[in-house]
Amino acid sequence: MRAIILGIGSDIGRELAARLCRNGYYVTGYKHYEELRPEPWDLIVCCYGKLEPIGSFWDLDVDEWEYSFRANVFLPLRDIRELYPHRRPGASVCLFSGAGTSGPAPTYSAYCAAKVALVKMTELLDDESPDCKFFILGPGMVRTKIHEQIMRAGDRAANHQRVLDFLASPDSGTSHDDIYACLMACVAASKAAVGGRNICVHRDNWARLEELGADK
C-alpha cells in the first residue's frame, strides 16, 4: 500500500507518516510547493494548513488574507488534482478541517472561510469520484507548532489566552494516535459511510462509522 502525505513538514503529517510506515505503508512525503512525482497511490493525506493572517478582517492586509485561501484550499486541490489520475482502485483522500466550520471563529476569518470551502469541496469531490473516497477530519486541539502563529499574533487572536492556558496545562489535547486511528477507521469504512463527510476525531464514534451511510 502506498500513501502520499502532502504537508510532511507539519507535525501531524510527520506523525501520521511514521505510523503509516510502521503499519506497512510505503510513504512519500511532500512539503509546500515541492514538485510532485507521478506514482500509483492508495491514500493521500493532505496536512497543509495556515492560520495566519490572524485578526479582525477589517484590519488585515487583503493580499495576506487572500493568500490564506491559496495555502489552505487552492494548493491542496491543485496537488490532489495532479495526483488523482494515478490512484489505485478503492483509493482514499483525507483532508483536515479546522475550528469555525460550523460557527464563528473570531479573528480567524481567512482560515475559517478557507476550511469551510475545503469541507464543501470534499463533499463535491467525493460525489464526482465514484472510484475514490474523499473525507475530511476535524482533529480538535492538537499540540503542534501551528500554535506558534497564535503566539505571534498575541492579543490579535481572540483565543490567545485560551491557547496559552492549554499549552501551560497537562492537557495533551487530541493525540496523534487518535488521529491515526480515526484515519484508518475511515480508510477501512465504506464510501457510503464516510465519503464526503466531515468526521470529528475527538467526538465521533469511529466504531459506528458505517451507520453514517444510512443518513445519506
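1. Start with Asp61, which sits in the loop that runs between β3 (41-46) and α2 (62-83). Keep in mind as you look that this is a predicted model. Asp61 comes out as partly exposed because its relative accessibility is 39%, and the class in question spans the range between 20% and 50%.

2. Next, two backbone angles. You'll find Tyr33 in the loop between β2 (26-30) and β3. Tyr33 has 42% relative accessibility, so this residue goes down as partly exposed.

3. Thr107 is the other angle to check. Phi of Thr107 is near 75°, again a positive value in a residue other than glycine. The residue lies in the loop between β4 (87-96) and α3 (109-127). Why flag such angles? Because most residues other than glycine have a negative phi.

4. Over to a nonpolar spot on the surface. Met151, Leu164 and Leu167 make a patch there of about 190 Å². Met151 belongs to helix α4, which covers residues 147-153. How accessible is Met151, in relative terms? The value is 30%, so Met151 counts as partly exposed.

5. Last, Thr174. Is this residue buried or exposed? Buried: its relative accessibility is 10%, and the class takes in anything under 20%. Thr174 has its place in the loop between α5 (160-168) and α6 (176-188). A polar atom of the Thr174 side chain lies 2.7 Å from the backbone oxygen of Pro139, so the pair falls within the 3.5 Å cut-off for a polar contact.

Definitions and conventions: Residues numbered from 1 in each chain as written. Predicted model: local features only at pLDDT ≥ 70, side-chain atom pairs only at ≥ 80, totals over all residues. Heavy atoms only, no water. Helix = DSSP H or I, 4+ residues; strand = E, 2+ residues; numbered from the N terminus. Buried < 20%, exposed > 50% of the residue type's maximum accessible area, 1.4 Å probe, protein only. Patch = residues over 30% accessible without salt bridge, like charges linked within 9 Å, V, L, I, M, F, W, Y side chains within 5 Å. Areas by Shrake-Rupley, 256 points an atom, 1.4 Å probe, with all protein chains shown as cover. Salt bridge = Lys/Arg side-chain N within 4 Å of Asp/Glu carboxyl O. Polar contact = N/O pair within 3.5 Å; in protein donor to acceptor, adjacent residues only side chain to side chain.
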